[in-house]
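Trainee: I have a structure to go through today. Could we take it step by step?
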Amino acid sequence: DVNINEIVETSLQTVEKQAKDKGINIKVGYPEESLTIKTDKDKLIRVFVNLLTNAIKFTPHDGEVEISVTDAGNHIQASIKDNGIGIPPEKREKIFDKFYQVDSTATRKAGGTGLGLAIIKGIIDGQGGSIFVESETYKGSTFTFRLPKELKEEDFTEIEQY
Ligand code: ATP
Ligand code: MG
């Protein structure tokens, strides 16, 4: 079992410098009671780090990023919210595809290969979870994912390796 608070702390340490360099403040709302989940620790860190890296990358200087983790019964739910450039409605499905990047100068300038979201969607789906995005163009984006606390055998599928 892995404690979700520890996962969030480790993920925050990984992106601390990136955030600091952009003057971005990251707030965290932890669950009221400490939650544990049966999962691969490194994969869950990867999910948080990828979403945080995106939030920082696509948010202007002095922006705000907020993580919140809640207990959703059989699942844990986590949201990573930013007040950055947002994602146009017609692109919101595609961003989870391999190599897809929203075509704008802001995105190209930010670099990357367009694999981050495809990889973490693979991890989440592979553990019987789900991920979705809500966004308002130029106002920000919120990525929310849910993972079952207990990994059921029938939910487990081999994920594609990159
Ligand atoms: P990589 O993760 O491989 O370094 P990337 O960040 O461009 O590259 P993804 O993480 O898969 O790739 O994201 C795909 C695209 O979705 C991004 O290029 C960007 O256009 C858009 N996107 C992702 N997260 C955000 C966000 N928080 N705000 C605005 N746009 C985003
Ligand atoms: Mg990315």
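Trainee: How far is an oxygen atom of ligand 1 from a polar backbone atom of V102?
Mentor: That distance is 3.0 Å, and a polar contact is a pair of N or O atoms within 3.5 Å. This is a predicted model, in which local features need pLDDT of at least 70, side-chain atom pairs count only at pLDDT 80 or more, and totals for chains, interfaces and linings use all residues. Residues are numbered from 1 along each chain as its sequence is written, ligands are numbered from 1 in the order in which they are written, and side-chain values use heavy atoms, without hydrogens and water.

Trainee: Which residues come nearest to ligand 1?
Mentor: Of the 22 residues around ligand 1, these are N54, K57, D82, Q101 and L117; a residue counts if one of its heavy atoms lies within 4 Å. An oxygen atom of ligand 1 is 2.5 Å from an N or O atom in the Q101 side chain. For L117, a polar backbone atom is 2.9 Å from an oxygen atom of the ligand.

Trainee: Turning to helices, at what angle do α2 and α4 pack?
Mentor: The angle is about 145°, and their axes (lines fitted to C-alpha atoms over the stretch in contact) are 10 Å apart. Helix α4 covers residues 116–126.

Trainee: Which residues of α2 meet α4?
Mentor: K43, R46, V47, N50, L51 and N54 do so, where contact means heavy atoms within 4.5 Å. Their partners in α4 include L117, also among the residues nearest ligand 1.

Key
A polar contact is a pair of N or O atoms within 3.5 Å; within protein, one must be able to donate a hydrogen and the other to accept it, and residues adjacent in sequence count only if both atoms are side-chain atoms. Axes are lines fitted to C-alpha atoms, for helices over the stretch in contact, and angles run from 0 to 180 degrees between N-to-C directions. Helices (H or I, at least four residues) and strands (E, at least two) are DSSP runs, numbered from the N terminus.
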